[in-house]
Structure formats: C-alpha cells, structure tokens
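Thanks for coming. I will take a few minutes to walk through one structure, so please have a look at it first.

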Amino acid sequence: MPSSSVRTRSCGRPRLFRGPARPDPAQVTALVDEHPHLGVEPVLRELDIPSSTSYRWRRAETEPCEQRLRDAELTGRIRQVHDESGGIYGSPRVHAVLKREGVHVGRKRVERLMRQAGLAGISPRRDRRFTRRDPDADPAPDLVRRDFTANGPNRLWVTDLTMIPTGEGPLWLSAIRDAFSRPAR
C-alpha cells in the first residue's frame, strides 16, 4: 500500500482546539460537562486524550497538589502587596518586596502568578503630546511681542491650559486672568 494513501489519526479531522499541543484541562472538562449525552470516553477518544489523563485532571480539581496550594497562598500575598501599592507595582517590585520579607520565590514565578491572577503594574507614562504641529503651517503671529503687561483692566487677557492625567482619564485645567491684575515677573 503506498504511503500517500495512509492517513494518520489526526489528519483530515476538524480540530476543536487550536495548535498541535494538548488542550487546556479546564477546557476539556468543561466540554465533557456541557455535553454529558455524548459520554466521556468518545469525547476523549476524539481529542486523542487518554481517559487516565482526564481522570487525573478531575482528581487535581478536587485534590490540588502541594505546589498548587503554595501557588494559591503566594498569589494571595502577591495580590496583597499589589493592592498595598495602589496597583502600581509590577512583578519586579512585588518580587523585591517579597524578598525583603524573607519569602524565597523566583522572579519568573511571581510573573506567572501575577499574569494568571490578572495583576499588572502601571508602566511609566509616556510623553504623549496632544498637539501635532503641521510643519508646513505658518505659526500664529505674536501680537503682544511677549510683553504680558497691560496699561489698564480688560486690555490683555492671558490663559493657560494644562492636562492632568488621572485614573479616570485626563482632567483639563484652564486658568484665565487679566494681565493688568497681576504684573508679569
């Protein structure tokens, strides 16, 4: 029989999960739980997963191993350090705090646990400029020639607009004053 006509078990079948790697245990157990009428064995056979592996995954859900218990305890402490920092600290700083407290844990493990818990630090803000100048445009004329003094009231008004970043979004602060009321320095 020619080798071109031989088909392997996984060829030609629609794949339920992406990639060549074995699917996530939680996804498989959820699939089996959602469709009990199909039966566990046929679903596992279709996914090329041994039934012993499925039963091991089920047992791990009810009886977590020692490392998972330590991870859960450590995740609680990581969450506490992250919350105490106001949600600012990322994995390097959280790792440094844990190290100062005498908790022996690797940096990569802290990164993994923070990622799994959905915790992330705030990166330093970038210098975002809202005004984008047109290089071909002529600048506005300086009508007061940089002289911000006035002979009387209501002759020259000056203003400033400042953006203040907040957790809820930018806050704009505008200040307007009569140049006569306070002489320039």
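What covers the buried residues of α1? The cover includes α2 (40-46) and α3. Before I go on with that, some ground rules. This is a predicted model, so called local features need pLDDT of at least 70, side-chain atom pairs count only at pLDDT 80 or more, and totals for chains, interfaces and linings use all residues. Residues are numbered from 1 along each chain as its sequence is written, and side-chain values use heavy atoms, with hydrogens and water left out.

Now the overall layout. The protein has 6 helices and 2 strands, and along the sequence the pattern reads α-α-α-α-α-α-β-β. Helices (H or I, at least four residues) and strands (E, at least two) are DSSP runs, numbered from the N terminus. Of the 185 residues, 19% count as buried. Buried means under 20% relative accessible area, exposed means over 50%, and partly exposed is in between, with a 1.4 Å probe and protein chains only. The protein exposes about 15,400 Å², and carbon and sulfur atoms supply 52% of that area. Accessible areas come from the Shrake-Rupley method with a 1.4 Å probe; for residues, only the protein chains shown count as cover. As for contacts (heavy atoms within 4.5 Å), take those between residues at least 6 apart in sequence: 48% of them join residues at least 24 apart.

Back to α1. Its buried residues are Val28, Thr29 and Val32. They lie on the same side of α1, because they cover an arc of only 95 degrees around the axis. That arc is taken from the directions from the helix axis to the C-beta atoms.

α1 is also tied to α3 by a charged pair. Arg58 forms a salt bridge with Asp33, with the closest N and O atoms 2.6 Å apart. A salt bridge here is a side-chain nitrogen of Lys or Arg within 4 Å of a carboxyl oxygen of Asp or Glu. The pair links distant parts of the chain: Arg58 is in helix α3 (residues 51-62) and Asp33 is in helix α1 (residues 25-34), 25 residues apart. Arg58 counts as partly exposed because its relative accessibility is 26%, and Asp33 counts as partly exposed at 47%.

How many salt bridges does a search of the whole structure find? It finds 6. One of them joins Arg70 and Glu66, with the closest N and O atoms 3.1 Å apart. These two are 4 residues apart in helix α4 (residues 66-84), so about one helical turn separates them. Arg70 is partly exposed, at 41%, while Glu66 counts as exposed, at 59% relative accessibility.

A further bridge joins the side chains of Arg107 and Glu111, at 2.7 Å from N to O. Both residues lie in helix α6 (residues 107-117), 4 residues apart, about one turn of the helix. Arg107 is partly exposed at 42%, and Glu111 is partly exposed at 23%. There is also a network of salt bridges that links Asp71, Arg109 and Arg112.

The largest nonpolar core has 11 residues in all, among them Leu74, Ile78, Val97, Leu98, Leu113 and Met114. A nonpolar core is a set of buried Ala, Val, Leu, Ile, Met, Phe, Trp, Tyr and Cys residues joined through side-chain atoms within 4.5 Å. Another core lies apart from it, with 7 residues, including Val28, Val32, Leu47 and Ile49.

Which residues does Leu74 touch, not counting residues up to four places away in sequence? They are Leu98, Val103, Val105, Arg109 and Leu113.

Gly121 lies in the loop between α6 and β1 (157-166), and is partly exposed at 32%. Leaving out residues up to four places away in sequence, Gly121 touches His82, Gly87, Ile88, Tyr89 and Gly90. Gly121 and Ser91 are 30 residues apart in sequence, and 7.3 Å apart in space, C-alpha to C-alpha.

Last, the surface. Ile164, Leu171 and Leu173 form a nonpolar patch there, with about 260 Å² of accessible area together. Patches are made of residues with over 30% relative accessible area and no salt bridge; like charges are joined within 9 Å, and nonpolar side chains (Val, Leu, Ile, Met, Phe, Trp, Tyr) within 5 Å. Leu173 lies in strand β2 (residues 169-178) and counts as partly exposed, at 48% relative accessibility.
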